[in-house]
Amino acid sequence: MTLRLPVRQTNSVLTDGPGTVASLHLFGVEGLGMMKAFTHMALDRRGLARTDGLVFWKLLGTGNGQTFRPQDADPRLWGIFTVWRDVDSLRRFTEHPVVSGWSRLATEAWSAELHPIRWKGSWSGQSPFGEFHSRSKGEWDGRVAALTRARIKPSQWRAFWKAVPPVAADAIATPGLAFSVGIGEAPVGLQATFSLWDSEAAIDQFAYRHSPHRQVIRQTHSTNWYSEEMFVRFALARSQGTVKGQTI
């Protein structure tokens, strides 16, 4: 089966010579494809580990991102997050056997080319974008994406699950949110959210001016929920495909 993928592209992108660029691929599956997806999650690691130009990668399950409890998991949607040495390496990835295998299995697919704007923290002990960095305001005026990832201490799971729903509900109600999905390496404890926004102004409105999110930030500092965390904001250079029937 060949998937026809609509493309949304921004003509200008942020570059620093050969610097890093990231991507998120999401694949929707149905029926027996849900069982086959688990096989891909186990076998695709070897192929990704041998990929030239690939700096960092994670095979991901998804969920609705409302509570981050195990029952939120969605076996119909799976993801691959990658970080690349340069844009050319990323764009060659579209022909990679791992992507081709998922495309044959999937009933729909979506991918995004993501250029990091600012970041901090680590993922699995790695800092895939280097040390902390923040670009000046005004360097990017297009759509932006945010990836927030954390390893939650087992002793803090209940407190975290209690705090998340108000923040998730507030994000959905915030003007400018185009898409949001929970992603993770495991159903419990290794949690992340990927969200797509119309502008930096829209995400700033949610992140810094809305009380539910500010309250969670305060709790994070006071209760020490996480043993590891990473935050990245990206410029969305281009996207292709659909998620759950929507072009985003």
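The following questions and answers go through a predicted model of one protein chain.

Residues are numbered from 1 along each chain as its sequence is written. Because the model is predicted, local features need pLDDT of at least 70 and side-chain atom pairs count only at pLDDT 80 or more, while totals for chains, interfaces and linings use all residues, and side-chain values use heavy atoms, with hydrogens and water left out.

Student: What is the mean pLDDT of the chain?
Tutor: The pLDDT is the predictor's confidence in each residue, from 0 to 100. Over residues 1-7 the value is below 50, although this stretch has 20 contacts in the model beyond near neighbours in sequence, a contact being heavy atoms within 4.5 Å. In the chain, 69% of residues reach 70 or more, and the mean pLDDT is 80.

Student: How many helices and strands does the chain have?
Tutor: Both kinds of element are DSSP runs numbered from the N terminus, with helices being H or I over at least four residues and strands being E over at least two. Counted in this way, the chain has six helices and ten strands.

Student: What percentage of the residues count as buried?
Tutor: Buried means under 20% relative accessible area, exposed means over 50%, and partly exposed lies in between, with a 1.4 Å probe and protein chains only. Of the 248 residues of the chain, the share that counts as buried is 50%.

Student: Which residues make the contact of α1 with α3, and what is their make-up by class?
Tutor: From α1 come Gly33, Lys36, Ala37, His40, Met41, Asp44 and Leu48, and from α3 come Val98, Gly101, Trp102 and Leu105. For the classes, Ala, Val, Leu, Ile, Met, Phe, Trp, Tyr, Cys and Pro count as nonpolar, Asp, Glu, Lys and Arg as charged, and the others, Gly among them, as polar. By class, the contact has six nonpolar, three polar and two charged residues.

Student: Is tryptophan 78 buried or exposed, and which residues does it touch?
Tutor: Tryptophan 78 lies in strand β4 (residues 73-84), and it counts as buried because its relative accessible area is 7%. Its C-alpha atom is separated by 9.0 Å from that of methionine 41, 37 residues apart along the chain. Leaving out residues up to four places away in sequence, tryptophan 78 touches His25, Leu26, Phe27, Val29, Ala37, Phe38, Met41, Leu60, Gly61, Thr62 and Trp102.

Student: Which residues does histidine 25 touch?
Tutor: Histidine 25 is placed in strand β2 (residues 21-28), and at 8% relative accessibility it counts as buried. Not counting residues up to four places away in sequence, histidine 25 touches Trp78, Gly79, Ile80, Phe93, Val99, Trp110 and Ser111.

Student: How is the aromatic pair of tryptophan 110 and phenylalanine 179 classed?
Tutor: Rings of Phe, Tyr and Trp (its six-membered ring) pair if their centres lie within 6.5 Å, and planes under 30 degrees apart count as stacked, over 60 as edge-to-face and the rest as tilted. By this rule the count comes to ten aromatic pairs. Tryptophan 110 in strand β5 (residues 108-121) and phenylalanine 179 in strand β8 (residues 177-184) are 69 residues apart, and both are buried. With 6.1 Å centre to centre and 50 degrees between the planes, this pair is tilted.

Student: What is the phi of serine 124, and where is this residue placed?
Tutor: Serine 124 counts as partly exposed, at 30% relative accessibility. The place of serine 124 is in the loop between β5 and β6 (133-134). Its phi is positive, in a residue other than glycine, and is near 55 degrees.
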